Amino acid sequence: MKKAVVVVAALLVVLVGAGAATVPFVEDHAARRIKAGLAQSGIDVESVTVHLLERSVAIDTMTSSNGDMKIGSWKVEGLAWPFEEIRQGRLPFDGLNWGEPLQAARLHLGDVRLADPDEGGAWTVKEMVATGVDLQRYDPVYDGPFRGRVLIARLLRALSVERIEQTELMHTSFDDTTLSARKFVIEDYEQGLFRKLDLESLKVVSAGPKPQELTLEELRTSGVDLRRQLDLAGSIDWEPGMPIGRVPVAFAELSGFGGNLMAQYGLSLGKITIETKAESRDISRSRLRVDGFVLAPSWRSVEAVAIRMVLQAMNLDAVKLGFDCSAVDDRARHELRVDDCKLGGPNLGDFSFTARIVDIDEEFWEAVDFGELYVLLGTKAALASARLTIADKGLLQRSLQAKSKLGGKDVAAERAELAGEIRRHQPHGVLITQDMTKLLDTIARFVEQGGTLTLDATPQPALGLDKLEYLGRPGADLVNALGLTATLSR
């Protein structure tokens, strides 16, 4: 019995040893088949290395025959793919064919260059590392002029990745305008839905003898949903330039604006923040904030001399503004509400705007979601109310003071002349009624006295968007159609 056990053990050792001895031959054969398969697909490679036990494939210097693609190094590890496929010389996508699946623990690419034949530009990436890659099988059939873009959209719609990090990313357009980023990080990407997407050191530089540069130090986002846009871009009817519609974003913050394009005009901007919160299945609230906007042009900037002269005439060294706007999509009540939009600056004034659109149907939401704004005029949506409030805190006085210095009249004369022009104003092709005369008189008194001017639109009944065409007709009664009124308070 013991002798039999010893014989079996010895046989297993021999078989394992023989199998181990054949692994290098199998790997070498697989590498040759991969290289040959890529060559048949129009891709030349310098070398291919296969490690069966590590489930990895490494390729050095991949170059397409038409020059549209060049990758310095390509390595995939932890392949979840039958060994028989690798042994026969097939990569997970069977020679990098469109539509094939890929599952890998880690994917690394170095020194990537991808040309864009449709626009004449090119993308370059110093290094890209992706972990937890899961690419499902997708439809590779497309017979049209935008094959590359359409298939990339379908690939992204079928792809899920735990994390992607790219460094030294750059796009160069046909006119040599460049867009670059030092780092681009994506986390928990699932078939078009980003849990997190961050950019660092974004820069746009125009071509020419005096390049214009615009920079953004950081972009942070979460909950970005591109699934609808990828479905559109992956369809057979898609063409470049078609509207992409609204992109849902749970959170986005852009900060660290700079570059000589802003500096030459004396512009600075703190940050822009976008937030969207779903209060229920049918109600979502969005908010847009712009903080730290400053216009302070220098006399040393040729481009900003005219702006500087106007500010000096207004007795201002700089203009500082803030913007905050919130809106509610209420699909249960079939309403869209602009709750409060505020724009204001010290020593100038405060502006606020609210509005309510009612009777919104599915065609309205589809037009907004898909970016087909012309369709809005055919929906049942109607303007129920709107209000614009202007609180003067020096803007009128400073503006008239500037006009006085440039025109040669004193401020009082400029104020009286402007108020008179408003009272005498007769818009071309519009019915002049007593209500319009009263409206214009209230605005003229605002110019004369200052204070707070409130303009209300309360059409009765609500003015359907399909009836907006009436407002452009000759002889239209705008005041009555929109239910316009104006009030002035101190």
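This is a guided tour of selected sites in the structure, stop by stop.

The model is predicted, so local features rest on residues with pLDDT of at least 70 and side-chain atom pairs on pLDDT 80 or more, whereas totals for chains, interfaces and linings use all residues. Residues are numbered from 1 along each chain as its sequence is written, and side-chain values use heavy atoms, with hydrogens and water left out.

**Stop 1: the disulfide**

Select Cys325 and Cys341. A disulfide joins these two residues, with an S to S distance of 1.7 Å; the term denotes a pair of cysteine sulfur atoms within 2.5 Å. A search of the whole structure finds one disulfide. The pair links distant parts of the chain, with Cys325 in strand E14 (residues 319-330) and Cys341 in strand E15, 16 residues apart. Helices (H or I, at least four residues) and strands (E, at least two) are DSSP runs numbered from the N terminus. Are the two cysteines buried or exposed? Both Cys325 and Cys341 are buried. Here buried means under 20% relative accessible area, exposed means over 50%, and partly exposed lies in between, using a 1.4 Å probe and protein chains only.

**Stop 2: Ala327 and Arg337**

Remain on strand E14 and select Ala327, which is placed in that strand. Ala327 counts as buried because its relative accessible area is 17%. Leaving aside residues up to four places away in sequence, Ala327 touches Ser284, Arg285, Ser286, Arg337, Val338 and Asp339; contact means heavy atoms within 4.5 Å.

Next select Arg337, in strand E15 (residues 335-345). With residues up to four places away in sequence again not counted, Arg337 touches Ser326, Ala327, Val328, Asp330, Ala355 and Arg356. Its side chain also makes a polar contact of 3.1 Å with the side chain of Glu335. A polar contact is a pair of N or O atoms within 3.5 Å; within protein, one must be able to donate a hydrogen and the other to accept it, and residues adjacent in sequence count only if both atoms are side-chain atoms.

**Stop 3: two positive phi values**

Select His334, in the loop between E14 and E15. Its phi is near 60 degrees, a positive value in a residue other than glycine. His334 is partly exposed, because its relative accessible area is 40%.

Then select Asp359, in the loop between strand E16 (349-358) and H7. Phi of Asp359 is near 55 degrees, again positive in a residue other than glycine. At 49% relative accessibility, Asp359 counts as partly exposed.

**Stop 4: the second largest pocket**

Select Arg246, Pro248, Thr276, Ser284 and Asp329, which lie nearest the centre of the second largest pocket among its 35 lining residues. On a 1 Å grid over the protein atoms alone, a pocket is an open set of points where a 1.4 Å probe fits, with protein on both sides within 12 Å along at least five of seven lines; lining residues have an atom within 4 Å of a point. The pocket has a volume of about 790 Å³, a volume being the space filled by probe spheres set on grid points that are joined across faces, edges and corners.

Which element supplies the largest share of this lining? Strand E13 does, with six residues. Elements that each supply at least two residues include strand E9 (213-225), helix H4 (227-233), strand E10 (249-258), strand E13 (283-295) and helix H7 (362-369). The lining divides into 16 nonpolar, six polar and 13 charged residues. Ala, Val, Leu, Ile, Met, Phe, Trp, Tyr, Cys and Pro count as nonpolar, Asp, Glu, Lys and Arg as charged, and the others, Gly among them, as polar.

**Stop 5: buried loop residues**

Select Trp238, in the loop between H4 and E10. Trp238 is buried, with a relative accessible area of 15%. Among the residues that Trp238 touches, not counting those up to four places away in sequence, are Phe146, Arg149 and Val150. Trp238 and Val150 are 88 residues apart in sequence and 7.8 Å apart in space, C-alpha to C-alpha.

Move to Glu100, in the loop between helix H2 (83-87) and strand E4 (102-116). Glu100 is buried as well, at a relative accessible area of 18%. A polar contact of 3.1 Å joins its side chain to that of Arg137.

**Stop 6: a cis peptide bond**

Finally, select Gln460 and Pro461, which are joined by a cis peptide bond with omega of about -5 degrees. Pro461 is found in the loop between strand E18 (452-457) and strand E19 (463-464).
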